[in-house]
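Keep the structure open while reading.

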Amino acid sequence: MATFLYKLGRLSFRRRRYVALLWVLLLGGIGYASSAAPAPPADSFSMPGTDSQKAFDLLDERFPAASAEGATARVVIRAPVGEKITDPAAKAEVNQLVAALGKGSQVAGVADPYKANAVSKDGTTAYASVTYKVISTELTDKTHGALADATDKTRAEGFTVETGGDAVQAEQEMGGSAELIGIAVSAVVLVITFGSLIAAGLPLLTAIIGVGIGVSGIAALGSVLNLSGTTSTLAMMIGLAVGIDYALFIVSRYRAEIAEGREPEEAAGRATGTAGSAVVFAGLTVIVALAGLSVVNIPMLTKMGLAAAATVAIAVLIALTMIPALLGFAGKRALRRKDRKNLKKSGADSKHSKDTKATKATKDNRALTKQAAPHSAGEAEIIKPNLGTRWARLVLRRPVTVLLIGVLGLGAVAVPATSLELGLPDEGTSAPDTTQRKAYDLLSESFGAGFNGPLMVTVDTGGAKDAAAAAKTVGTSLAKVDGVAAVTPASVNPAGDTAIITVVPTTGPSDHKTEELVRTIRSKASGLEVDTKSDVLVTGQTAMTIDFSQTLDDALLPYLGLVVGLAFLLLMLVFRSVLVPLKAALGFLLSVAAALGAVVAVFQWGWLADVVGVDQPGPIMSMMPIFMIGVVFGLAMDYEVFLVTRMREAYVHGASPAEAVVTGFKHGGRVVGAAAVIMISVFSGFIMENDDMIKMMGFGLAIAVFFDAFVVRMAIVPAVLALLGKSAWWLPRWLDKLLPNMDVEGEKLHKTLTPPSSPAAEDEDRDNDEERRELEPVRG
């Protein structure tokens with residue numbers, strides 16, 4: 001693979017104008033196609049096979065006018081202090097509000113609070129339920145405006161009016177400042193890392209082009225493949241992340257090759273052949289993790305995962321072709337100005353000397369850094385060990401101490417994860433100043449917490465006309481169940497074969513007791529079905545949330561096993577080792593566990609809630625573990641491949657295990673650190689958002705990347721490799737013969753470019769042998 005990518009890199013470098021033009025035309029063409037394509041379909045949330053989904057499908061069929069999946073709004077009205085909502089004047093005002101709410105082409109109906117028994121026992125509060133013909137994302141601005149105007153008019157008369165439900169337009173949408181902060185910090189980190197505006201701009205430019213092609217492609221194919229507008233959310237996040245990472249790694253390797261005295265075209269070829277091989281396998285691990293979301297069996301997540309995986313594939317292709325092409329335009333200007341001057345001086349000095357061996361001063365330098373340069377004469381010119389080298393030497397001196405501190409520290413942070421409770425954020429976790437939260441609190445105070453999460457029980461008689469009698473029997477039985485506050489009379493469809501019963505729990509929608517109540521009702525359903533000769537199903541937003549959490553919980557272990565297992569095989573191909581992939585997988589699990597522990601401590605337990613801005617602790621979002629595993633696994637394997645591939649390359653070319661670790665950190669530590677800081681800054685920007693769900697995702701992903709990059713990859717990995725020594729690279733002979741040699745470390749490429757019979761190679765081999773003999777006492 002390295003040889004093929006080397007040729008691809010040189011070809012892209014030579015044909016840079018055509019390659020760059022091709023990608024620009026592709027971006028423009030797909031962008032035009034997306035603008036001309038029909039509007040993408042609205043989000044359609046479904047969970048095939050669950051009771052709640054079966055009930056929703058039944059309601060769509062038997063109650064088409066009710067718009068079971070349509071948006072809803074619950075308008076809560078409280079009379080002025082000292083008055084009752086049942087007073088004639090107040091009643092007249094509420095009736096005017098109900099009439100105003102019922103206007104509009106998208107409104108399916110409004111429940112009169114006085115007829116629907118939606119008045120509190122103390123007579124101060126009532127609520128009107130508004131149902132719409134379309135889902136929330138299809139509501140027009142005119143419809144949103146009509147809802148706001150109606151409530152504002154009643155509020156102006158002295159009433160307290162607040163609105164909840166998915167029909168209410170969000171006051172703050174995702175994006176904006178968070179994305180700007182992430183991009184700004186990324187630019188600063190890249191400039192500091194490279195010391196060159198040109199080198200810093202390349203990763204940002206190619207990442208934006210890759211994301212642009214991916215997101216535009218999703219929009220262009222939206223109506224054909226039924227991809228909603230939110231399908232591109234994960235693709236944009238991950239595409240930007242890996243796009244920067246992959247370009248960063250190849251540009252960094254190119255600069256290192258230039259610093260060793262190679263011509264730009266040769267440097268681009270070598271960088272693509274070696275670093276590009278790592279990019280290919282890093283991309284494959286991310287694609288596996290994202291495509292693996294299909295095992296969850298939730299169509300929305302499947303589409304998001306596959307769309308993001310396709311965007312990652314585009315990022316890999318751009319890194320392998322467009323980066324070498326742009327480097328062709330940049331040439332040696334990708335280096336710092338100081339490095340370019342030093343390169344010219346060293347080039348002039350080399351003309352006066354034909355001695356190809358390293359000088360004594362250079363050998364002393366190598367002994368000082370405890371690092372031989374096993375495969376390249378250019379690496380002989382090490383003058384001062386960088387931070388990565390010094391850190392690696394520190395870990396090599398105290399591997400047991402570093403390993404214990406890292407493992408025990410992450411283990412302690414992971415402890416809260418043992419009490420993880422999954423759920424979906426409801427309006428009770430919204431910011432206190434939002435109308436949704438105020439409506440939630442008003443309903444809880446006046447009617448009880450359960451009114452914010454009623455359950456819908458469907459009774460289907462299978463074509464018989466006695467649904468009303470069957471529903472009455474079911475309602476009478478359910479009213480006696482512990483945890484049920486009220487059961488409303490049944491609503492029967494015109495055919496008389498299906499009925500709906502609303503069951504109000506005594507506890508809130510996110511309360512664990514409500515989940516137990518749903519299970520209790522479903523367990524009683526089998527007996528009720530026999531008595532009434534009908535099918536009894538439980539649905540509603542609360543039941544859907546419970547089923548959604550259960551579906552994700554059931555899929556967690558299979559998903560984890562799939563992505564870790566497939567990635568283990570990929571890493572075995574990359575590193576030709578059994579223990580290195582095993583160590584990578586275990587390290588990832590440790591970092592994810594620690595990140596989940598931190599999320600539970602902050603968002604569920606309330607630790608540092610004021611610092612992070614958590615309004616009300618509660619259950620962890622159901623999607624959090626799955627998303628964290630998918631996203632962090634991909635980025636973690638990126639860091640693992642980038643860092644350890646350079647170690648493997650040094651080891652294959654003759655370095656000792658300890659020297660290989662130092663070499664990996666010397667060349668890869670800074671790049672991995674910069675990539676991690678960029679990702680942390682991007683994710684951390686979302687912590688400032690008002691939405692607790694967005695805040696939780698930003699915090700969880702940022703802390704997970706921090707743990708994995710700086711604790712696992714930077715500390716635990718070198719400590720384990722130091723303790724394993726040569727055993728880290730052990731592979732059974734039978735397995736070695738069975739696995740194809742992908743040549744990720746470029747061993748075949750090195751032999752092709754520097755034939756063993758050449759005088760230069762013989763001189764280099766003699767130099768390396770002599771240096772290893774000098775370093776032998778230090779290694780021992």
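Two strands count as paired if DSSP finds at least two bridges between them. Strands themselves are DSSP runs of E with at least two residues, while helices are runs of H or I with at least four residues, and both are numbered from the N terminus. The model is a predicted one, in which local features need pLDDT of at least 70, side-chain atom pairs count only at pLDDT 80 or more, and totals for chains, interfaces and linings use all residues. Residues are numbered from 1 along each chain as its sequence is written, and side-chain values use heavy atoms, with hydrogens and water left out.

Start with strand β3, residues 125-132. Strand β1 (residues 72-78) pairs with β3 in the antiparallel sense over seven bridges; Val 75 has Ala 128 in β3 as its bridge partner. Strand β2 (residues 107-111) is also antiparallel to β3, joined to it by four bridges, and Ala 111 stands opposite Ser 129 in β3. Six of the eight residues of β3 are buried, so the strand is largely enclosed by the rest of the structure. Buried means under 20% relative accessible area, exposed over 50%, and partly exposed in between, with a 1.4 Å probe and protein chains only.

Helix α14 spans residues 387-397, and its buried residues are Gly 388, Thr 389, Ala 392, Arg 393 and Val 395. Seen down the axis of α14, these fall within an arc of 160°, so they line one face of the helix. The arc is taken from the directions from the helix axis to the C-beta atoms.

The protein chain as a whole has 27 helices and eleven strands. Of its 780 residues, 55% are buried.
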